[in-house]
Amino acid sequence: MLRPFHLISAKKDEEHDLSMASMGHPEIFPVVLTEKTQELFHCRADIDVTADTPYLLVKKEDLIHDMKSRAAVSDFHPFKKLIVDYPGEELLLVFDRELTYGQIFYLIGTEEAKNSLINPPEPEEEERAAAEGTQDEYVYKPPVRKPWISLGSEKEIEEESVKETTTKIKYMISRPHKEFGIRMKFHNRNASSDKHGYVECTSYQDKNFTIHQLEHHVGTQVVPIEKDTGTQTKWTYPKNATTQYYPRQFSDEEKETYLSSEELKNFIVSVSTRVEIALQQNEIMNAFFDDWKALAEDESGFVGKSDVFLKEYQSFTDLHYLKDRTVSCICWHPTIYGVVAVSVTERLSYEERVEQSGKLLLWNAPILFWSFADPIHPQLMLECPEDIYCFQFSPSDPNIIAGGCINGQVVLWDITEYEDKLRSAKTGAGSKSATVNMFRELKCPSFQPSFMLEQQIGKEPHMVRYCAVSSIDYSHKSVITDLHWLPDLFEVNRMGTVFENRAGICAQLVTCSTDCIIYFWDLRSQKPATQVSIEKKKEEKVEKIIAALPDVPTTFKHLDLSWKPLIKVSLPKSETSEYSPTRLSLKEEHYHARTQDKTQPQGKAEASVEKMTYAQILNVSAKPPKLLENISTNFYVGTEDGEVLYTDWKMERDGDSGRLLSQKPSSVHSVHDGLVHTIQRSPFFKDIVLSVGGWNFAIWKEGVTTGPLLQSCCAAKRYTVGHWSLSRPGVFFVGREDGNIDIWDLLEKTHEASQTQNVCISLITSIKPWIYSCTSRASVLHYFDREVKHLEYFEKRQEFRAQEREQLEHEKLMKKTKVIGGQHSRELMEEKTNQDYIDFLELEKSVLLRLGLLKGQDRFSP
C-alpha cells in the first residue's frame, strides 16, 4: 500500500487537503482500512458493517493507542491531528459501499455532523419549518374542481411506456487463443482504394424512440409478384430408398391385338426351352442367395473371426498418481523390453486450472515407468516442474528424456543411474533383496544408507529429479503440444542449414506450441571458451547448489534455467496473423522396423549408444562441419484450426532490415474441421503422412501439392488420435472420443473402417503400438502410386472441364452478339476496331525497327 510522505513545514496544509472541502463537506475524511485494521476495530466490510447499518462509533482512546503501537503503519496516522483535537470521546466511522468519496470508509470530523447522521431530523418537523418559512411569501389559493376532458394523452402515455415482452438472451463473446499477443503492424493506406479501409456510420431509425403515427397517407400501386430464389445442392450420405409404382395396363382391344399376333407366338416358341431350363435351376438352387456376403462365413477355427478382435493384455492402475487424471503421452522404452513410460495431466478446463493454480503448484503429476512384470507398482517416477503433455526418449541415448510442460518450458532427465533397476524389474521382489545385499557387502564402518537406498528398499518408487529446465523468459508462452529429437546424422545452425553431426549423438530437438512458434533447441553449451572471472564465480556457485541437492545428475547443469532456443521458426499467415501449430512431422525420424531379439542380452544395446558423452561435446570444434545438401528441411505441420501446412525451417535474411525471417508455407490445405491431433509419417514410406483431426483423417504424399491422396468422410464421433501400424504398411489405428478404436486397412476397403473395437468409456488420448515384423509392403506401395495417378488424372479432368466451360461461354457470347440479318452488334464492331488498331501499331513498330528509326519502347507500342 502506497502512503503519502509529508514535509514537516507543510504538514498542516496537507492535513486540510485530506477532507472533502472541495465537494462541500469539510467534515468528511475518506480513510483506507486494511483487512487487519478492520479486524482490530470490528468493522469488516459486509460483515460487521453493511449497507443497512453503515455507522460505527470508535473510541478515541482506541485510535490513539493504535497510532502509538503501530506508529506510521497505522491507517489512522494521516489523521492524527484530527483524532487528537476531536472534542468528543467517540468518532463516527461510516461504511460507504457506493464509494461516494473515493474510499469505502470515511471519518466524521465534527460532533454536529455525527449527531445529524446518527439522529436525523424527523420529516414532519422539516415540512413544518418549510411551511412556516413560506407562509409570509405565498398566498394559498384552493384548487377549483373542473370536469375531466380527455384529449388523448392517456393513449400516448400507454404507447410510449416500455413493456418487456421478450426474454433476454445472454451472449458470451470470446476471442481465439491464437490471437492473444499477436504483434500488430500498421502502415499507411488510401481509404478510398480499399472498401474495408473505412467504416461508414450511417443514420438509422431507432425503434425504441419512435412515436407511432395514428394516421398516415400511403399511396399504393399494383405490380406483378416477383420472387428470386436460389438453391445449393448439398451432398448427403447415401441412404436406402424404395419406390412404389403401378404398371401401365393395356385396354381390352390392345390385349386381344397383342395376344392374337404372330410375333408373340413366335417369341414364346423361341424362348420356351430356355424358360424351362431356368425354372429347373430355380428348383435346384436359391437364386436370391448373396454369395458376396457369405464369402467369409465358412472361415472358422484357429484363424476365425474371434481372433481378429483386440484383447486387453495388461492394464496399469495407481490410485495415487493416476486417479482423476488424463494420460497425455505414452512411450515404450527403446531398449528395455516390457517397460513403458506414461505422463498424466490434471483433468481440468482452462478456467478451472486458473482457479486452482495455487493448489496445482503444490503437487505436479510425475512421469511413471511401468513394467509388465509388476502392473501395480510403478518402477520409477520422474519429477516434473509442471504437467507434461509430451515427452520422448533420445534415439542415441535412451537414458536421456526430454519433455514439454504446460507452461511452455522444456525439461531434461537423466536416468542412467536407474537403468539397472528397470532391467531387473522382471524379477519382482528379488531386486529389492539384491539391492539390500549389495549394500550389506560394503564393509565400511562409517557407511550409512542414503535416501536412494531407503526408496529402493521401501514400496515407494524412486523420484528422479530433472537435470535441467529451459529459461521461462525464452520458452514457449503456451503449452508444448509436440516434441521431436533430430537424428544423430545431422545438426542445424542458427540459419537452419543442415551440417554433419560429428559426435554421432542426438543433441538437438524441436518443439511446437499454440503460441504460433516452433523452437529448435541445442543440448550443447553455446558459451565461448574464454569467460570473465565473474561468470566463472557464478557458475561455481550454481555447481555448489546442484552438488548440494541429493540424487541430481549433473549431465545438463550448463543448461539449467539458462537454456535458450537455437532457432525460432514462425508460420506467417498474413501480415498480422500466424498459424498456430499443434503437431509436426519431420522427414528424418527414428522408427524401429524390426523386432528386438529378446534372447539377445540387453547389455549390447548400451555399447552401440555410448559413442560420446555430453561433457565431451560441449566445446564446439574449430574445424567447420561438412554441409549436407541431401537432407530435406521441409516438414509437415498441423494447426489448431485444422490446416495442414508444408513449410521449410530454413531462415531467410530480409534485404531491407537484415533480420532473419521465417519462410511462408509452400502449401496450405484446410482439410480438417477441428484441432489436428496427429501428423505422422509412415514407418515404411517416408513420403506418406497421416493426419488426424476433427471428424476425419487424411493421407498425404510428399511432393503432391494438389491435396491429400485419401480423405475420409465425417465420422459419427470426433477423432482424437491416430497412429500407423508398425507391422503392416497399409494399416493404421484411429482413436475416437467415445472410447472406440477404428482399424483401417487400405488394401481391404477405404470407405469405412475394417474393424471397430471398444477399449474404454472415455476418449482415447494416445496410441503407441509395439513392434512386429513387416508384411505386404509392395502391395501398399502399388496402392499409393495408383492414388497419385488418380489424383493427377482428376486434376487434368478438372482443367479440361474448365476449358470446355470457357469455350461454351465464349460461343454463347458470340451467338448473342450476332444479328439475324448478318450485321454485327456495336460491341463486336468496337472490339474489331480496337484489334485492327493494335495490329496497325505492331506493323508500324516492326517497320520502324527495320529502318533503324526506333530504339526500344516508345509511345507507339500498345
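**Figure 1. Overview of the predicted model.** Helices here are DSSP runs of H or I with at least four residues, numbered from the N terminus, and one of them is α12, residues 419–423, in which K421 lies. The model is predicted, and its protein chain comprises 18 helices and 33 strands. Of the 862 residues in the chain, 35% are buried, and the chain exposes about 60400 Å², of which carbon and sulfur atoms supply 54%. When contacts between residues at least 6 apart in sequence are considered, 63% of them join residues at least 24 apart.

**Figure 2. Helix α12 around K421 and the approach of Q379.** K421 belongs to helix α12, which spans residues 419–423, and its relative accessible area of 24% makes K421 partly exposed. Although K421 and Q379 are separated by 42 residues in sequence, their C-alpha atoms lie 7.9 Å apart in space.

Figure 3. T555 sits in the loop that runs between α15 (533–548) and β19 (567–570). With 22% relative accessibility, T555 counts as partly exposed, because burial would require a relative accessible area under 20%. The view also includes W413, which is 142 residues away from T555 in sequence, whereas the C-alpha to C-alpha distance between T555 and W413 is 8.8 Å.

Figure 4. Side chains of opposite charge can pair when their charged atoms come close.

Figure 5. R801 and E804 form a salt bridge in which the closest N and O atoms are 2.9 Å apart. Both residues belong to helix α17, residues 777–817, where they are three residues apart, about one turn of the helix. R801 has a relative accessible area of 41% and is partly exposed, and E804, with a relative accessible area of 27%, is also partly exposed. Elsewhere in the model, salt bridges that share partners join E491, D522 and R524 into one network, and two of these residues are taken up in the next view.

Figure 6. The side chains of R524 and D522 meet in a salt bridge with an N to O distance of 3.0 Å.

Figure 7. The backbone at H42 has a phi near 55 degrees, a positive value in a residue other than glycine. H42 is placed in the loop between α2 (35–40) and β2 (55–59), and this residue is exposed, with a relative accessible area of 56%.

Figure 8. C516 is not a glycine, yet its phi is positive, at about 70 degrees. The loop that holds C516 lies between β17 (508–513) and β18 (517–522). At 4% relative accessibility, C516 counts as buried, because this value falls under the 20% limit.

Figure 9. Rolling a probe the size of a water molecule over the atoms shows where empty space is left. The count comes to one cavity of 30 Å³ or more, and the space in the largest cavity is about 30 Å³. Its lining is made up of K178, K573, E578, Y579, S580, T639, E640, D641 and E643. Sorted by class, these lining residues comprise six charged, two polar and one nonpolar.

Note on methods:
Residues are numbered from 1 along each chain as its sequence is written. This is a predicted model: local features need pLDDT of at least 70, side-chain atom pairs count only at pLDDT 80 or more; totals for chains, interfaces and linings use all residues. Side-chain values use heavy atoms; hydrogens and water are left out. On a 1 Å grid over the protein atoms alone, a cavity is a set of points where a 1.4 Å probe fits but cannot get out, and a pocket is an open set with protein on both sides within 12 Å along at least five of seven lines; lining residues have an atom within 4 Å of a point. Grid points are joined across faces, edges and corners, and a volume is the space filled by probe spheres set on the points. Ala, Val, Leu, Ile, Met, Phe, Trp, Tyr, Cys and Pro count as nonpolar, Asp, Glu, Lys and Arg as charged, and the others, Gly among them, as polar. Helices (H or I, at least four residues) and strands (E, at least two) are DSSP runs, numbered from the N terminus. Buried means under 20% relative accessible area, exposed over 50%, partly exposed in between (1.4 Å probe, protein chains only). Contact means heavy atoms within 4.5 Å. Accessible areas come from the Shrake-Rupley method with a 1.4 Å probe; for residues, only the protein chains shown count as cover. A salt bridge is a side-chain nitrogen of Lys or Arg within 4 Å of a carboxyl oxygen of Asp or Glu.
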